Amino acid sequence: MTTPAEASMMLNPVALFLEADPVVKAIMVGLVVASLWSWAVIIDKAVKFASLNRQATAFEKAVGSGRSLEEIAAQAGPDPAHPLPRMLVIALADWREARTRGPLTEGQGNMLMSRIDRALDSLIAREGQRVENGLGVLSVVATASPFIGLFGTVWGIMNAFGAIAASGNTNLATVAPAISEALFATALGLAAAIPAYMAYNAFSIDAGKFTGRLESFADDLQAAVARRLGNPTSPTPPASADRARREF
């Protein structure tokens with residue numbers, strides 16, 4: 001019969017780990033490492049997404065404030081870190097370069113729009129990949145951890161049956177430690193997988209929303225350049241106040 005002391009030991013994670021079979025112990029270590037790795041990615045992505053969205057909101061407010069785009073671009077600097085002001089700097093740089101050659105024909109205007117469109121699409125693609133960095137780790141941990149834990153469970157149950165065969169005793173006290181180790185491996189697998197799965201889905205949605213935010217601003221910039229092409233007396237592409245104040 002299992003004593004209270006033995007029962008409490010079977011509920012102690014440290015004791016279960018120390019008494020586990022080497023294979024099950026290796027699985028437990030791997031699952032703990034995977035969990036810590038996924039939590040490092042989760043914290044990093046949460047901080048980065050909060051910072052990106054906060055800066056994007058501040059920039060959109062500046063664009064919708066009525067200030068000229070030239071002034072906003074100058075304040076952002078020649079190579080801003082955030083993609084939204086970088087998109088503005090790229091569009092204005094292409095516009096100024098085209099204007100230095102004199103009035104634009106319809107064909108030159110179309111080429112300018114095409115060049116800006118390609119530059120902004122390239123930037124959006126790079127930023128989309130950058131914000132998704134690390135999500136692969138969460139996907140792997142979320143999908144693989146339960147199966148790795150299940151392998152530890154199967155191995156532990158095999159040990160339990162081996163203990164029964166070796167002792168010839170079917171008493172629960174004979175197999176309870178091995179079964180406890182096996183179930184603990186499953187629990188570790190789920191503990192690693194569930195947060196990684198939830199974070200992966202949440203950050204995938206956030207990445208899609210941020211990419212959509214960039215695409216919407218790119219459309220606004222292209223529309224501003226198109227309006228400027230239709231009004232060549234304006235020195236810079238005017239800001240679209242209504243679109244600049246859009247909510248995401």
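**Close-up views of a predicted model**

**View 1. Aromatic pairs in the predicted model.** By the ring-pairing rule, with ring centres within 6.5 Å, the count in this predicted model comes to three aromatic pairs. Two of them are described in the legends that follow.

**View 2. The pair formed by Phe59 and Phe217.** The ring centres of Phe59 and Phe217 are 5.5 Å apart and their planes stand at 70°, so the pair is classed as edge-to-face, the cut-off for that class being over 60 degrees. Because Phe59 belongs to helix 3 and Phe217 to helix 8, the contact ties together parts that are 158 residues apart in sequence. Both Phe59 and Phe217 are buried.

**View 3. The pair formed by Phe151 and Trp155.** Here the ring centres lie 6.1 Å apart and the planes of Phe151 and Trp155 meet at 45°, so this pair is tilted. The two residues are four residues apart in helix 7, and therefore about one helical turn separates Phe151 from Trp155. Phe151 has a relative accessible area of 45% and is partly exposed; Trp155, with a relative accessible area of 28%, is likewise partly exposed.

**View 4. The nonpolar cores.** The largest nonpolar core has 43 residues, and those with the most contacts inside it are Met87, Leu88, Leu138 and Phe217. Two or more residues of this core come from each of helix 3, helix 4 (69–76), helix 5 (83–99), helix 6, helix 7 (135–167) and helix 8 (172–230). Of these elements, helix 8 gives the most, with eleven residues.

View 5. The space in the second largest pocket amounts to about 160 Å³. Its lining consists of Asp44, Lys45, Lys48, Phe49, Ser51, Leu52, Gln55, Arg130, Val131 and Asn133. Helix 3 (22–63) and helix 6 (106–132) each supply at least two residues of that lining, and helix 3 gives the most, with seven residues. By residue class, the lining of this pocket divides into three nonpolar, three polar and four charged residues.

How values were computed:
Residues are numbered from 1 along each chain as its sequence is written. This is a predicted model: local features need pLDDT of at least 70, side-chain atom pairs count only at pLDDT 80 or more; totals for chains, interfaces and linings use all residues. Side-chain values use heavy atoms; hydrogens and water are left out. On a 1 Å grid over the protein atoms alone, a cavity is a set of points where a 1.4 Å probe fits but cannot get out, and a pocket is an open set with protein on both sides within 12 Å along at least five of seven lines; lining residues have an atom within 4 Å of a point. Grid points are joined across faces, edges and corners, and a volume is the space filled by probe spheres set on the points. Ala, Val, Leu, Ile, Met, Phe, Trp, Tyr, Cys and Pro count as nonpolar, Asp, Glu, Lys and Arg as charged, and the others, Gly among them, as polar. A nonpolar core is a set of buried Ala, Val, Leu, Ile, Met, Phe, Trp, Tyr and Cys residues joined through side-chain atoms within 4.5 Å. Buried means under 20% relative accessible area, exposed over 50%, partly exposed in between (1.4 Å probe, protein chains only). Rings of Phe, Tyr and Trp (its six-membered ring) pair if their centres lie within 6.5 Å; planes under 30 degrees apart count as stacked, over 60 as edge-to-face and the rest as tilted.
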